Amino acid sequence: MDRYSRFVAWLKVLLPLAALALLSTLFLLSRNTDPVAAIPFADDDLLDRVRDEQITGPFFSGTTTDGDRVSVAAGTMRTGLGAASTGEDLSAQIDMLSGTRIILFSDAGQFDMANARSNLTGNVVVTTSTGFKMTTDTLTADFDAMRVEAPQSVTALSPFGTLNAGQMRMEKRGADENSHLIFTEGVKLVYDPSNREE
């Protein structure tokens, strides 16, 4: 057997032994850690979670008495003392029997699931499949009656131009009808015929 073959034979024995020695030192020299203490939680965050029942990423869906489908999602949701729950990063989608789709977004809001009502606040955006995109600060919704109201100023982008109003409400007058948008309190429309052509 030549020198090279003997060298390879020795390496086949020595290298696995060296690997075992390294692994054993990792276990022998490692420090004991408390698994609970190693999880980084802020004290304020823990207190908030203990004080309020909180759900992360909840999703609810259901059907109104007229057959319209409603789904609601949130980043976080906290249950309150009453029937209403408060949430952040809220979104809702309404699919009506007539084919119209309405999508709502807001920074925060309250949901009363028992009475199918909500109150959205902060950067509220309402988008409809008919081409409207409305922004406001506050919005109330009654999902059973399919009535949505913005008691404060509203800015809307529509298929025919830009619209500003002091108040807005969206309501459905019949089970199979589309929802109607009604703008009141100082309505100003800037008509853009190019949008109409598209």
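User: Which residues is S71 in contact with, leaving aside its neighbours within four places in sequence?

Analyst: This is a predicted model. In it, S71 is in contact with F59, F60, S61, S91, A92 and Q93. S71 itself lies in strand β3.

User: What makes S71 buried?

Analyst: Its relative accessible area is 18%. Buried means under 20%. The value falls under that cut-off, so S71 is called buried.

User: How do you know that β2 and β3 pair?

Analyst: Pairing needs at least two bridges between the strands. Strand β2 (residues 59–63) and strand β3 (residues 69–73) have 5 bridges, in the antiparallel sense. So the two strands count as paired.

User: What do β2 and β3 form, and which turn residue has a positive phi?

Analyst: They form a hairpin, with 5 residues between the strands. In the turn, G67 has a positive phi of about 95°.

User: Why are β3 and β5 said to pair?

Analyst: The cut-off is at least two bridges. β3 and β5 have 5, running in the antiparallel sense. Therefore they pair. Here R69 has D95 in β5 as its bridge partner.

User: Is D89 buried or exposed, and how do you know?

Analyst: The relative accessible area of D89 is 54%. Exposed means over 50%. The value is over the cut-off, so D89 is exposed.

User: Where is N123 found, and what is its phi?

Analyst: N123 is found in strand β7 (residues 117–128). Its phi is near 50°, a positive value in a residue other than glycine.

User: Why is N123 called exposed?

Analyst: Its relative accessible area is 53%. The cut-off for exposed is over 50%. N123 passes it, so the label holds.

User: How many residues does the largest nonpolar core have, and which have the most contacts inside it?

Analyst: The core has 30 residues. Those with the most contacts inside it are V126, M134, L139, M168 and F183.

User: Which residues is M168 in contact with, beyond its neighbours within four places in sequence?

Analyst: M168 is in contact with M134, L139, V148, E149, A150, V154, L181, I182 and F183. Contact here means heavy atoms within 4.5 Å.

Note on methods:
Residues are numbered from 1 along each chain as its sequence is written. This is a predicted model: local features need pLDDT of at least 70, side-chain atom pairs count only at pLDDT 80 or more; totals for chains, interfaces and linings use all residues. Side-chain values use heavy atoms; hydrogens and water are left out. Buried means under 20% relative accessible area, exposed over 50%, partly exposed in between (1.4 Å probe, protein chains only). Helices (H or I, at least four residues) and strands (E, at least two) are DSSP runs, numbered from the N terminus. A nonpolar core is a set of buried Ala, Val, Leu, Ile, Met, Phe, Trp, Tyr and Cys residues joined through side-chain atoms within 4.5 Å.
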